[in-house]
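Here are my notes on the aromatic side chains. Have the model open while you read.

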Amino acid sequence: MSVARDFDDMERDMGGDAVRAALDAARWPGPETPDYDDQPSAAMPQQSAVSATPYRWREPQSIPRRPWIFGHHHMRGQVGGKFAPGATGKTTHEIATCLSMATGRSFLGPKVWGGPKRVWLWNLEDNGDELARIIQGTAKHWGISEADIGGRLFVDSGLEGATLSLARQTGFEGLVINEPLVGALVRELLDREIDYLTVDPFVSSHSVEENDNGAIDAVVKKWAYVAQAANCAISLTHHVNKAAKPGEITSDAARGASSLVAACRSALVLNRMTADEAKGWGILDEDRRRYFRVYDDKNNRAPPASKSEWFHLVSVDLGNVGDDGFPADSVGVVTPWTPPDAFEDVRIEHLTKVQEEIHRRGNVRASPQSNRWVGHIVAEVLDLDQKDDADRRKINSIIRQWVMNGALKEVTQPDSNGDPRPFIEVGRWTLNSGRSDEPAPRKSEVRTGAGGTENSPALQKSKGADRYGSSQRWNNDWPSSNRRPAQRNPLQDAYREALPERGNSTEKEES
């Protein structure tokens, strides 16, 4: 059995000098940390004097404006990021941005402040021919000529020798900034009077560990130094991680170190149209990949799709047909796109009529599977065809919006069989109804019982009042187990035609 030995045992066997020599040999060779408690005060590091600066009052109109150059996305002296999944359209969008700046034309939407800009497009993953295809396709679509560019566009390709490595990182050297390149960049930007430099993609502009927050922060801040020294805006294009959920991507999904986003002044994020968005707008699923939206995630955290800038990739034929029989090339070109507005031709009078019909008929259901669905009334009032997919989506969008803003409300109540079902009632009346000061009745006040008996005070009060175009509560166009005679109004014929075919009116209500 072995017995643990300590320094006393070693000193007794080897001698004190031998033990001290062994300890000295194992000591850390670097500089010792001074023990300031044992040092004279003169050896203490002297701190520089600190002085608070009084604020110098300035008139607001004398403060220089922020030096925006493209919308509120890119500003002189600042670095911005553009983040997107692969094959979303970020390179095509970036090229269109460059052409918008170079021509001074705001065809993408954001304003080009102060007229045309001098732009440097430095792409590190596409060759010159591919870049030319996108540039010329975009120019062809927007009617841009060489004279419109005016020598203000500069393009370099990393695949054709224009490599770019701002920093490297190795286990032996650590992080090393390529200061000669930094100086050369600043000089060229100043000599060419470049207003905007885009680097696509950022990951190809350095050899630094992508997940090292400290190193990535240093690299981005060196780009910020270049932007400030050259008085230009710089954009760094970057991918997001593959685990990011499509349609809900934010700058937090940027691949690698989070310090990249933190060091950027703006963070433009691209999201491809989702299947649900495409369905709601009547776009075929195979076509939705041509649509994407852009928003600045640094200034507005994940706004809804309706608040983003939407774009559509249209196909442009380059016309480069040869004698070999091969067809011409086609490229995608970015164009602004506005989602269809379900309320584009909907007026307050339409909502008033829908509310009055809901209140008059009662038993209005929230489920599209019911033959008493509220959508039948909406289709009747707005003259929409429920058999048309686009019209039916519009009906659903309108109902959702009216429920969200409180004009209609959904309540759960038992149906004629006693089963709980979602019904639609009037929420807040419109001013046009003349009933804005009267609360909408509860469902229990306007529904009949299983036997069709009408016994609520509110219903009895309304029988003799011709406030909704009819003196009777029930109408032939609205199924009931115990109908009563009804007068007709101009909406009834259209409503009857819009209803789906059904059998005997006394049969059990659809669920």
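**Aromatic contacts**

1. The count comes to 9 aromatic pairs, where rings of Phe, Tyr and Trp (its six-membered ring) pair if their centres lie within 6.5 Å. Planes under 30 degrees apart count as stacked, over 60 as edge-to-face and the rest as tilted. This is a predicted model, so local features need pLDDT of at least 70, side-chain atom pairs need 80 or more, and totals for chains, interfaces and linings use all residues. Residues are numbered from 1 along each chain as its sequence is written, and side-chain values use heavy atoms, without hydrogens or water.

2. Take Phe107 and Trp142: the ring centres are 4.6 Å apart and the planes sit at 25°, so the pair is stacked. Phe107 is in the loop between α3 (90–103) and β4 (119–123) and Trp142 is in helix α4 (residues 128–142), so the pair ties together parts 35 residues apart in sequence. Phe107 has 10% relative accessibility, so it counts as buried (under 20% relative accessible area; exposed is over 50%, partly exposed in between, with a 1.4 Å probe and protein chains only).

3. Tyr291 and Trp337 pair edge-to-face, with 4.8 Å between centres and 65° between planes. Tyr291 belongs to strand β11 (residues 291–296), and Trp337 to the loop between β13 (330–336) and α10 (348–361), 46 residues apart. Helices (H or I, at least four residues) and strands (E, at least two) are DSSP runs, numbered from the N terminus. Both Tyr291 and Trp337 are buried.
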